[in-house]
Amino acid sequence: MRYLIAGLTALGLASAAQAETVYVSAGRLLDVERGRYVEAPLIRIEDGRVAEIASGPAPAGATVIDLPGKTILPGLIDMHVHLDGRPEYGGYNALQFTDRFWTVLAVENARRMLHAGFTTVRNVGDEDYNIAGLDQAIGEGWVPGPRIVNAGYALGATGGHCDETYLPPSFHAKSPGAGDGPEELRAHVREQRKYGAEVIKVCATGGVFSRNTEPGQQQLTEEELRAIADEAHFWGLRVAAHAHGAAGIKAAIRAGIDTIEHASLIDDEGIRLALQHGTWLTMDIFNTEYTQAEGQRNGVLEENLAKDRQVAQIQRDNFRRAHQAGVKMLFGTDAGVMPHESAAGQFRIMVDYGMTPLEAIRAATLNAADALGQKGEVGTLAPGAWADLVAVDGDPLADVTVLTNVSAVVKGGKLVD
């Protein structure tokens with residue numbers, strides 16, 4: 001379907017600052033704060049940000065992005081992605097490619113996520129600072145992609161989930177983020193910040209898609225986790241902890257970590273601690289459908305697929321329990337383990353396991369913005385926020401799966417081509 005773009009000639013790569021005044025009209029707008037629709041909205045955008053939400057026709061001669069009959073809502077936020085990975089290259093398959101292959105792959109993954117409606121993502125771990133370069137290229141207008149909150153290298157214990165665990169000793173392979181003891185890990189926080197990290201990622205437990213680690217095994221002490229959290233907070237950065245196991249989850253919460261990723265084996269005490277500390281949970285309860293269906297064909301090792309099977313249903317059941325208890329929840333998919341372009345499929349699973357459609361949408365808008373420290377900047381269409389929005393057919397409050405088929409995306413007041 002074609003959209004009327006009166007007077008709009010540069011759609012994709014020009015910076016938002018070049019735009020003066022743009023209007024967006026649509027059938028209705030989902031006000032995610034109030035949980036209600038605004039009929040026939042007219043959004044006035046000044047220099048890439050929302051200036052006013054009104055109604056009626058745009059002024060004569062104005063630049064208008066017209067989305068007739070569409071439902072619009074704030075651009076979506078995925079809080080757990082890996083843009084420089086693809087699920088097609090599992091296990092040892094990745095070793096056949098040169099280092100820079102992954103940088104180029106990240107460009108395409110970023111485009112696909114943007115086209116799927118994700119105008120902001122949090123990239124929680126990459127290699128070779130691929131995403132720092134991608135973020136700069138997006139900001140300079142060379143390639144399309146979402147706003148990125150980037151972690152750089154994930155921190156973790158030597159031999160742990162965030163270290164290099166696939167190669168023999170003769171390769172001397174070690175992640176720059178791997179370390180031991182509070183002071184070495186403090187230094188790694190500073191190093192990642194030095195090279196552009198806007199959030200710190202740490203692996204508190206073992207994981208599914210690594211060798212010689214178990215998801216339930218705690219891999220950093222509470223003292224080490226507290227040193228990472230304290231150092232990051234000293235520099236004004238927030239911290240995300242990969243944590244499947246109950247002990248590691250609780251240690252991370254007590255240490256002051258801001259968000260817990262996966263949280264698969266969280267127990268009752270962990271839920272109580274999350275409530276007490278106001279800790280966010282990012283539970284990727286969708287991707288196992290892809291990994292179990294396609295993992296073997298993609299070269300994922302059977303030991304990894306077995307671990308995935310062991311935690312998948314437990315994680316989903318614990319998602320329901322944590323949500324029912326009132327824990328603060330975020331939308332995060334671990335895209336990279338599954339295709340980035342399919343990330344919106346998680347909305348269906350979140351609703352299947354206890355959320356209302358509005359709660360699931362808020363997890364990917366208002367909640368995510370709050371957890372990023374960007375409340376009022378993204379995840380909303382209130383005046384002053386970035387003019388990031390998606391358009392869909394139908395009613396996402398009645399059928400959240402309509403979010404898997406985005407009709408149009410606007411980022412910073414510009415229609416994404």
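Is Y195 buried, exposed or partly exposed, and what is its relative accessibility? In this predicted model, Y195 has a relative accessibility of 39%, so Y195 counts as partly exposed.

**Aromatic pairs**

The model holds 12 aromatic pairs. One of them joins Y89 and F97, whose ring centres lie 4.8 Å apart; because planes over 60 degrees apart count as edge-to-face, and the planes here stand at 70°, this pair is edge-to-face. Y89, at 27% relative accessibility, counts as partly exposed, and F97, at 25%, counts as partly exposed as well.

Another aromatic pair brings together Y129 and Y195, with 5.3 Å from centre to centre and 50° between the planes, and this pair is tilted. The two residues are 66 residues apart, so that the pair links distant parts of the chain: Y129 sits in the loop between β8 (118-123) and α2 (130-139), while Y195 sits in the loop between α3 (182-194) and β12 (199-203). Y129 counts as partly exposed, with a relative accessibility of 24%.

The two pairs can be set out side by side.

| Pair | Centre to centre | Angle between planes | Class |
|---|---|---|---|
| Y89 and F97 | 4.8 Å | 70° | edge-to-face |
| Y129 and Y195 | 5.3 Å | 50° | tilted |

**A cluster, and charges over rings**

Y89 and F97 also belong to a cluster, in which ring pairs link them with F101 and W102. Aromatic rings take part in another kind of contact too: R28 lies over the face of Y37, at 4.1 Å from the ring centre, and R147 lies over the face of W386, at 4.3 Å from the ring centre.

Definitions and conventions. Residues numbered from 1 in each chain as written. Predicted model: local features only at pLDDT ≥ 70, side-chain atom pairs only at ≥ 80, totals over all residues. Heavy atoms only, no water. Phe/Tyr/Trp six-rings, centres within 6.5 Å; stacked < 30°, edge-to-face > 60°. Buried < 20%, exposed > 50% of the residue type's maximum accessible area, 1.4 Å probe, protein only. Helix = DSSP H or I, 4+ residues; strand = E, 2+ residues; numbered from the N terminus. Lys NZ or Arg CZ within 6 Å of the ring centre and 35° of its normal.
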